[in-house]
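Reader: I would like to learn how to read the features of a model like this one. Please give the general idea first, then the case at hand.

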Amino acid sequence: MIVKSYRVKLQRGLLNKELELTDEIIRQCSDIFTQMERFNLIYGMNLNLLKISKLHKVMKAILKLPNLEFPNDFKFHERSLKLLDSWENLITIIKSEKNEK
């Protein structure tokens, strides 16, 4: 599943504390963000994909790390916020389903 691969690649690239953030990794992760943004624009995220991929959790983790902001070029924080905003209704449903269990 392509959407789940986005999560795995971003986790390994940006959230892996054992790896040093290189220019190559940052560019690859920026490309993944671009692919996610296109997917979201063309197809839109649905509840099942978001549940399975857990991309919203990765976006929130990225926002917690100040060193991943890159405000002048890659804008990981800004891009994460935009994606989270577009998924807000789906995230609310996921949270409510989790609370019902």
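Reader: Does K82 count as buried, partly exposed or exposed, and at what relative accessibility?

Author: Buried means under 20% relative accessible area, exposed over 50%, and partly exposed in between, with a 1.4 Å probe and protein chains only. K82 counts as exposed, because its relative accessibility is 55%. Before going on: this is a predicted model, in which local features need pLDDT of at least 70 and side-chain atom pairs count only at pLDDT 80 or more, while totals for chains, interfaces and linings use all residues. Residues are numbered from 1 along each chain as its sequence is written, and side-chain values use heavy atoms, with hydrogens and water left out.

Reader: Which residue forms a salt bridge with K82?

Author: Side chains of opposite charge can pair when their charged atoms come close. The term salt bridge is used here for a side-chain nitrogen of Lys or Arg within 4 Å of a carboxyl oxygen of Asp or Glu. K82 pairs in this way with E78, and the closest N and O atoms are 3.6 Å apart. Both E78 and K82 lie in helix α5, 4 residues apart, which is about one turn of the helix. Helices are DSSP runs (H or I, at least four residues), as strands are (E, at least two), and they are numbered from the N terminus. E78 is partly exposed, at 39% relative accessible area.

Reader: How many salt bridges does a search of the whole structure find?

Author: The search finds 3. One of them joins the side chains of R79 and E37, at 2.9 Å from N to O. R79 lies in helix α5 (residues 76–86) and E37 in helix α2, so this pair ties together parts that are 42 residues apart in sequence. R79 counts as buried, at 13% relative accessibility, whereas E37 is partly exposed, at 27%.

Reader: What does K51 meet in a salt bridge?

Author: The side chain of K51 meets that of E97, at 2.6 Å from N to O. K51 is in helix α3 and E97 in helix α6, so the pair ties together parts that are 46 residues apart in sequence. K51 counts as partly exposed, with 35% relative accessibility, and E97 also counts as partly exposed, with 27%.

Reader: How do I read a pocket, and which residues line the largest pocket?

Author: The search uses a 1 Å grid over the protein atoms alone. A pocket is an open set of points with protein on both sides within 12 Å along at least five of seven lines, whereas a cavity is a set of points where a 1.4 Å probe fits but cannot get out; lining residues have an atom within 4 Å of a point. Grid points are joined across faces, edges and corners, and a volume is the space filled by probe spheres set on the points.

Here the largest pocket has a volume of about 290 Å³. Its lining is made of L50, K51, K54, H56, K57, K60, I91, I94, K95, E97, K98 and K101. The elements giving two or more residues to that lining are α3 (47–53), α4 (55–63) and α6 (88–100). Of these, α6 gives the most, with 5 residues. The lining divides into 3 nonpolar, 1 polar and 8 charged residues. For that division, Ala, Val, Leu, Ile, Met, Phe, Trp, Tyr, Cys and Pro count as nonpolar, Asp, Glu, Lys and Arg as charged, and the others, Gly among them, as polar.

Reader: Is I94 buried or exposed?

Author: I94 is buried, with a relative accessible area of 16%. Its place is in helix α6.

Reader: What lines the largest cavity?

Author: The structure holds 1 cavity of 30 Å³ or more. About 30 Å³ of space lies in the largest cavity, and V3, Y6, M36, F39, N40, M45, L55 and W87 line it. Helix α2 gives the most to this lining, with 3 residues. The lining residues divide into 7 nonpolar, 1 polar and no charged.

Reader: Which phi value does F70 have?

Author: Most residues other than glycine have a negative phi. Phi of F70 is near 45°, a positive value, and phi of K75 is near 50°, also positive. F70 is in the loop between α4 and α5, and K75 lies in the loop between α4 and α5 as well.
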